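I opened this structure for a first look. These are my notebook entries, in the order I worked.

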Amino acid sequence: MRNVVIIGSGCAGNTAAIYTARANLKPLVISGHEVGGQLSLTTEVENFPGFPEGINGPSLVENMKLQAEKFGADFMHGAVIDTDLSQRPFRLNVEGEWIETRTLIVASGASARWLGLESEFKLIGHGVSSCATCDGFFYRGKKIMVIGGGDSAMEAANFLSRFGSEVTLVHRRDEFRASKIMLDRARHNPKIKFLTNTVVEEVYDVSKKLVTGVRLRNTKEDRVWDQEVDGYFVAIGHIPNTKVFKGQIETDSDGYILSKGGARTNIAGVFHAGDVEDRIYRQAITAAGAGCKAAIEVERFLEAEGH
Ligand code: NAP
């Protein structure tokens with residue numbers, strides 16, 4: 001039986017691991033499918049305090065893991081496929097193996113959202129990607145398209161402009177959620193072309209198992225046309241990873257955990273940390289802070305129970 005299991009190995013999960021390990025609780029971190037969380041999908045992180053020159057995202061999260069291991073945290077590869085939080089100890093099924101724990105920190109984050117076109121789905125990994133930093137390298141000298149109007153889309157477009165011959169940014173409105181600085185950077189990038197009030201209707205060519213182009217529609221002019229594309233990157237936000245807790249941990253209608261104050265959920269002994277609850281700030285530093293809060297709550301909860 002574990003004192004504490006942490007689901008998720010991003011900034012929130014790793015920080016919770018550092019704190020609970022230093023409290024001698026011997027935490028177990030279950031890394032999930034997206035090991036390292038969103039930071040493992042980024043390049044340079046310039047806004048994490050303490051790194052005036054910036055730090056590479058995967059290095060930052062790996063350093064956190066090493067720090068947690070140094071204090072005795074265990075890490076396990078795999079994803080939680082089922083849970084029973086109806087009584088304590090809580091039970092978690094990690095790809096077939098059941099684990100019992102007195103407390104649980106849910107730091108499972110949020111995964112990339114897709115447009116939902118069948119052709120898009122069928123071409124994932126064949127020219128369709130949600131991770132510019134992972135796949136950008138494959139599109140050197142090629143035509144790239146980025147979908148979205150937030151900071152993620154601007155960041156992806158700027159990053160991909162290092163590789164592609166041209167980058168077309170497609171956004172469904174003509175106003176942007178992106179911060180001014182990120183939007184301006186993309187606008188001033190000579191390789192990036194903006195298509196606003198435009199939606200993707202189809203990704204070609206499923207029969208060739210390769211992205212060759214897209215069908216676009218300008219929603220203001222109701223104009224439809226095909227455009228050649230080699231790499232198609234979706235950057236339209238994220239979906240919280242709470243499916244395995246459905247009907248147990250309370251969430252809002254989008255699936256984000258509803259906080260009951262501090263890091264508490266509706267279940268005593270189950271705590272939240274990071275993007276799985278946070279739809280507003282979603283920064284590495286806020287996720288790390290949330291991981292710290294959850295760890296302190298776990299420590300106090302177990303102490304109150306005499307563990
Ligand atoms: P976001 O801010 O929620 O933006 C999502 C974008 O995708 C919006 O432009 C939205 O369009 C569009 N979209 C959503 N569903 C769509 C659909 N079905 N079809 C077409 N377009 C769709 O998400 P994000 O860009 O991932 O950013 C999330 C958070 O992380 C933000 O707080 C952001 O500031 C932060 N972030 C920061 C950095 C950085 O500072 N380096 C980098 C990345 C992200 P509408 O506007 O029309 O809804």
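**Ground rules**

I am reading a predicted model, in which local features need pLDDT of at least 70 and side-chain atom pairs count only at pLDDT 80 or more, while totals for chains, interfaces and linings use all residues. Residues are numbered from 1 along each chain as its sequence is written, and side-chain values use heavy atoms, with hydrogens and water left out.

**Entry 1: the parallel sheet**

I took helices (H or I, at least four residues) and strands (E, at least two) as DSSP runs, numbered from the N terminus. I counted two strands as paired if DSSP finds at least two bridges between them. In what order do the five strands of the open sheet stand? I read S10-S17-S11-S12-S13, with parallel pairing. The edge strands are S10 (128-129) and S13 (192-195), and each pairs on one side only.

I then looked at S11 (residues 143-147) and S17 (residues 231-234). Four bridges join them in the parallel sense. Valine 146 stands opposite phenylalanine 233 in S17. Helix H5 (residues 151-160) packs on this sheet and touches S11, S12 (166-170), S13 and S17. Contact here means heavy atoms within 4.5 Å. The direction of H5 makes about 170° with that of S11. For such angles, axes are lines fitted to C-alpha atoms, for helices over the stretch in contact, and values run from 0 to 180 degrees between N-to-C directions.

**Entry 2: the antiparallel sheet**

I found an open sheet of three strands, in the order S14-S15-S16, with antiparallel pairing. S14 and S16 stand at the edges with a single partner strand each, so one side of each has no neighbour in the sheet. Neighbouring strands are turned by 25° against each other on average, direction ignored.

S15 (residues 213-218) and S16 (residues 223-228) are joined by six bridges. Glycine 213 stands opposite glutamate 228, and asparagine 218 stands opposite arginine 223. The hairpin of S15 and S16 has four residues between the strands.

**Entry 3: the cores**

A nonpolar core is a set of buried Ala, Val, Leu, Ile, Met, Phe, Trp, Tyr and Cys residues joined through side-chain atoms within 4.5 Å. Buried means under 20% relative accessible area, exposed over 50%, partly exposed in between (1.4 Å probe, protein chains only). Which residues of the largest core touch the most other members? I noted Ile6, Leu39, Phe48, Ile105, Phe271, Ala273 and Val298, out of 33 residues. S1 (2-7), H1 (11-22), H2 (57-70) and H7 (284-304) each give two or more residues to this core. H7 gives the most, with nine residues. Apart from this core lies another, of 21 residues, among them Tyr139, Phe163, Val167 and Leu169.

Is isoleucine 30 buried or exposed? I found isoleucine 30 buried, at a relative accessible area of 1%. Isoleucine 30 lies in S2 (residues 28-30). Its contacts, not counting residues up to four places away in sequence, include Val5, Ile6, Met76, Leu92 and Ile99.

Asparagine 197 sits in the loop between S13 and S14 (198-204). Asparagine 197 is also buried, at 12%. A polar atom of its side chain lies 3.4 Å from the backbone nitrogen of aspartate 174.

**Entry 4: the ligand**

I looked up the 16 residues around the ligand, of which Asp151, Ser152, Arg172, Arg173 and Arg177 come nearest. A residue is near if one of its heavy atoms lies within 4 Å. An N or O atom in the side chain of arginine 177 is 2.6 Å from a ligand oxygen. An N or O atom in the side chain of glutamate 155 is 3.1 Å from a ligand nitrogen. A backbone N or O atom of glycine 150 lies 3.4 Å from a ligand oxygen.

Most residues other than glycine have a negative phi, and most peptide bonds are trans. I listed the exceptions I met. A cis peptide bond joins arginine 88 and proline 89, with omega about 0°. Another cis peptide bond joins tyrosine 204 and aspartate 205, with omega about 10°.

Lysine 209 has a positive phi of about 55°. Lysine 209 lies in the loop between S14 and S15 and is exposed, at 54%. Aspartate 222 has a positive phi of about 50°. Aspartate 222 lies in the loop between S15 and S16 and counts as exposed, at 53%.

Notes. A polar contact is a pair of N or O atoms within 3.5 Å; within protein, one must be able to donate a hydrogen and the other to accept it, and residues adjacent in sequence count only if both atoms are side-chain atoms.
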